Amino acid sequence: MRKTSAVLASLSLAVLALTGCTAAAPDGGVACDRGAGSNEIRDAVTVEGDVGSTPDVSVFSPLHLKETAFADTTVGDGRKILDNAQALVVELSIFSGETGKQVYSTSYDESKGQVSTADYWATQSPGLESVFECATEGSRIVAALTPEDFGANNLEGFGLAADDNAVFVIDVVDVFLSRAEGSLQFNDAKGMPTVVRAPDGTPGVIIPDSAAPTEQVVQTLIKGDGDEVEAGQIPLLNVMAVGWDDKKVINSTWGQGPTGDLSTSAPTVAEALIGETVGSQILVVTPAGDAGPAVAYVVDILGAVTAPTQ
C-alpha cells in the first residue's frame with residue numbers, strides 16, 4: 001500500500017463524531033464474494049491508464065441500461081473492503097451515458113486525497129453501495145448507474161438528462177483496516193479492564209469493581225505490524241469509551257466509520273498513540289479529574305495519514 005497523503009473527507013460524513021453502534025462485517029465469518037461483474041458494462045466502456053492516475057475513458061454512447069451494473073477492469077491485490085464503514089481513498093470520474101462526456105472528476109493527486117467510506121458514497125448516490133462491496137485495494141471499477149440509482153438531484157446537479165445513465169470510473173487507491181490486526185499481548189497489571197471482542201472486532205469492555213487508577217495507564221492489547229503513528233499525522237481510529245464508575249459506553253465509532261482525531265475530545269489519549277503501530281489495539285485509562293470521571297478507551301489504530309496540501 002502506498003504511503004497516503006490524505007484527510008478525512010468533510011463531505012457531510014458523520015464519522016468524526018463518536019456516536020453509533022456496531023455493524024457485522026464479513027471478516028467476522030460472512031462470505032465476501034465480489035462476483036464476476038457485468039460484461040455489458042465492460043463492452044460499453046474502455047479505460048486506459050494506471051490505477052490512481054487520470055484515466056483515458058471512452059464510453060460507447062448512447063448507453064442505456066435498465067439496471068445498475070459494474071465490473072472490475074483491474075483487480076487489485078490489496079486489502080479487501082469488508083465493511084461499508086471502512087476507511088477508503090478513491091479517485092473517480094463521472095461521464096454521461098448519453099453523450100460520453102465527462103461531467104466530474106476528483107483531483108487524481110495523491111497529496112490531496114480524501115478519506116471516505118462506502119457508506120458515504122452510498123449517501124451521495126444509492127447505487128454505489130453495491131459497487132464497493134468486497135472490492136480490493138488497487139482495483140479499477142467501471143459502473144453505470146440508472147437514473148434512479150444515481151439520483152434526480154445528482155442528474156440535475158451534473159447537468160444530465162432525467163433518463164441518463166451515469167457512468168463511473170472508480171479507482172480504489174487505499175483500503176484501510178476495519179479492525180486491529182496483530183499479535184495479542186499479555187498484560188499482568190491488576191485492576192485494569194478486560195476487553196473481549198465480537199467476531200467483527202467490536203470490543204466489549206469489562207470494568208472491574210476496584211477503584212480507577214489515579215494516573216493514566218496505557219496498555220497494548222494487540223500489537224500491529226504497520227508503520228508507527230507519527231506526530232502531525234492524522235490517525236484513523238475506531239474508539240470505544242466506557243465510564244469507569246457507571247460502566248456504561250459513553251461513545252463509540254464502531255459501525256459509523258473511523259474518527260480522525262482525539263486531540264480535542266481526549267488529548268492525553270491522542271498523545272499516547274504517538275509511536276504505536278498501525279493495526280494495534282490500545283487500552284488507555286484516564287483518571288478522574290477536572291475534565292470529568294475516569295474513562296477507559298479502547299482504540300483500534302486502522303491507519304495514519306498526513307494532512308493534504310492545498
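Student: Are C32 and C134 buried or exposed?

Tutor: A residue is buried under 20% relative accessible area, exposed over 50% and partly exposed in between, with a 1.4 Å probe and protein chains only. Here both C32 and C134 are buried. Before we continue, note that this is a predicted model: local features need pLDDT of at least 70, side-chain atom pairs count only at pLDDT 80 or more, and totals for chains, interfaces and linings use all residues. Residues are numbered from 1 along each chain as its sequence is written, and side-chain values use heavy atoms, with hydrogens and water left out.

Student: How many disulfides does the structure hold?

Tutor: A disulfide is a pair of cysteine sulfur atoms within 2.5 Å. The structure holds 1 disulfide. C32 and C134 form it, with their sulfur atoms 1.9 Å apart. The torsion about their S-S bond is about -120°, so the disulfide is left-handed.

Student: Where do C32 and C134 lie?

Tutor: Helices (H or I, at least four residues) and strands (E, at least two) are DSSP runs, numbered from the N terminus. C32 lies in the loop between β1 (6-8) and α1 (39-44), and C134 in the loop between α2 (118-124) and β8 (140-145), so the pair ties together parts that are 102 residues apart in sequence. In total, the protein chain has 5 helices and 17 strands.

Student: What is the order of the strands in the open sheet of 6 strands?

Tutor: Two strands pair if DSSP finds at least two bridges between them. In this sheet the order is β10-β13-β16-β17-β14-β15, with antiparallel pairing. β10 (183-184) and β15 (249-252) stand at the edges, each with a single partner strand, so one side of each is left without a neighbour in the sheet.

Student: Which residues stand opposite one another in the sheet?

Tutor: Let us take the pairings in turn. β10 is joined to β13 (residues 217-223) by 2 antiparallel bridges, and the bridge partner of S183 in β13 is K223. Between β13 and β16 there are 5 bridges in the antiparallel sense, with V218 opposite V284 in β16. Strands β16 (residues 281-286) and β17 (residues 295-305) run antiparallel and are joined by 6 bridges; Q281 stands opposite D300 in β17.

Student: How many aromatic pairs does a search of the whole structure find?

Tutor: A pair of aromatic rings is described by the distance of the centres and the angle of the planes. Rings of Phe, Tyr and Trp (its six-membered ring) pair if their centres lie within 6.5 Å; planes under 30 degrees apart count as stacked, over 60 as edge-to-face and the rest as tilted. The search finds 4 aromatic pairs. For F150 and F168 the ring centres are 5.8 Å apart and the planes stand at 75°, so the pair is edge-to-face. F150 lies in helix α3 (residues 147-150) and F168 in strand β9 (residues 166-175), so this pair ties together parts that are 18 residues apart in sequence.

Student: Which residues are in contact with T146, leaving aside its neighbours within four places in sequence?

Tutor: Contact means heavy atoms within 4.5 Å. T146, in the loop between β8 and α3, is in contact with L65, K66, E67, T68, D164 and N165. T146 is buried, with a relative accessible area of 4%.
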